[in-house]
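Biologist: I have not looked at this one before. Can you put it up and take me through it?

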Amino acid sequence: MSADKDEDPRMYGIKSRIRVVPDFPKPGIMFQDITTLLLDSKAFKDTIDLFVERYKDRNISVVAGIEARGFIFGPPIALAIGAKFVPLRKPGKLPGEVISEDYVLEYGKDCLQMHIGAVQPEERALVVDDLIATGGTLCAAMNLLERVGAEVVECACVIELPDLKGRERLKGKPLYVLVESH
């Protein structure tokens, strides 16, 4: 599900603040740069507000943010809806005991880790990242949370690249995005 761009006037401001950088970080990639969105306090606030409006009454107790840009959007959403924020990080970044989930990207392999005990069985979780491309990272995040017994309610991203069909890899889990980019 995507926000209806025709109904909410905030959507134009958000979409217009996302810069597309051709051939970054390598030729053929059209990089979706959210740093320009963050420079506009109104567009950034509107982005957070749209997510908060969607999730404030969904009884979510955990907002899990994927490193690194999920750390930008996840904490303000968590604070606004009264949930805890749990960082999902790359290997070697979290002190203490962790559980790990390896996954395959379009260009190689990676891993996400979460502190053991950060999420309890039966907690309701929202997974947040800036962008979904092929869906590998979101799947790894969901697997981590489900392995400890949490219920993943939904995944939320600012941007979707629908041509890469990441939504199809989410095992039927709902995905909410604000902007589709082709």
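Predicted model: local features only at pLDDT ≥ 70, side-chain atom pairs only at ≥ 80, totals over all residues.

Biologist: Fine. How many helices and strands are there in the protein chain?

Modeller: The protein chain has five helices and nine strands. Their order along the sequence is α-β-β-α-α-β-α-β-β-β-β-α-β-β.

Biologist: And how compact is the protein chain for its 182 residues?

Modeller: Its radius of gyration is 16 Å, and the globule rule also gives 16 Å for 182 residues, so the protein chain is as compact as a globular protein of that length. The C-alpha trace spans about 40 × 40 × 30 Å along the principal axes.

Biologist: What share of the residues is buried?

Modeller: Buried residues are 47% of the 182 in the protein chain. As for contacts with a separation of 6 or more, 60% are between residues 24 or more positions apart.

Biologist: What about the surface? How much of it belongs to carbon and sulfur atoms?

Modeller: Carbon and sulfur atoms hold 54% of an accessible surface of about 9,000 Å².

Biologist: And charges: how many positive and negative side chains?

Modeller: There are 24 positive and 28 negative side chains in the protein chain. The centres of the two sets are 2 Å apart.

Biologist: New topic. How many disulfides does the structure hold?

Modeller: Zero disulfides. Take C111, which is in none: the nearest cysteine sulfur belongs to C139 and is 15 Å away.

Biologist: Which cysteine sulfur is closest to that of C139, then?

Modeller: That of C155, at 7.8 Å, which is too far for a bond. A disulfide would need the two sulfur atoms within 2.5 Å.

Biologist: Are C111 and C139 buried or exposed?

Modeller: C111 is buried, at a relative accessible area of 8%. C139 counts as buried too, with 10% relative accessibility.

Biologist: Now the backbone. Where is the peptide bond with omega near 5 degrees?

Modeller: That bond runs from F24 to P25 and is cis. P25 sits in the loop between β1 (19-22) and β2 (30-33).

Biologist: And which residues are joined by the cis bond with omega about -5 degrees?

Modeller: E67 and A68. A68 belongs to the loop between β3 (62-66) and α4 (70-81).

Biologist: What about E122? What is its phi?

Modeller: Phi of E122 is near 75 degrees, which is positive, and E122 is a residue other than glycine. E122 is in the loop between β6 (108-115) and β7 (124-132), and it counts as exposed at 70% relative accessibility.

Biologist: And K171, what is its phi?

Modeller: About 55 degrees, again positive in a residue that is not a glycine. The loop between β8 (151-160) and β9 (175-180) holds K171. With 52% relative accessibility, K171 counts as exposed.

Biologist: Let me pick a few other residues. Where is L39?

Modeller: In the loop between α2 (35-38) and α3 (41-55). L39 counts as exposed, at 74% relative accessibility. From L39 to G13 it is 26 residues in sequence and 12 Å in space, C-alpha to C-alpha.

Biologist: And V153: buried or exposed?

Modeller: V153 is buried, with a relative accessible area of 9%, and is part of strand β8. N59 is 94 residues away from V153 in sequence, yet their C-alpha atoms are 9.5 Å apart.

Biologist: What is V153 in contact with, leaving aside neighbours within four places in sequence?

Modeller: R58, I60, R124, A125, K173 and P174.

Biologist: Last one. Which strand is I99 in?

Modeller: I99 is in strand β5, residues 98-105. It is buried, at a relative accessible area of 16%.

Terms used:
Residues numbered from 1 in each chain as written. Heavy atoms only, no water. Buried < 20%, exposed > 50% of the residue type's maximum accessible area, 1.4 Å probe, protein only. Helix = DSSP H or I, 4+ residues; strand = E, 2+ residues; numbered from the N terminus. Rg over C-alpha atoms; globule rule 2.2 N^0.38 Å. Contact = heavy atoms within 4.5 Å. Areas by Shrake-Rupley, 256 points an atom, 1.4 Å probe, with all protein chains shown as cover. Lys, Arg positive; Asp, Glu negative; His and termini not counted. Charge placed at Lys NZ, Arg CZ, Asp CG, Glu CD.
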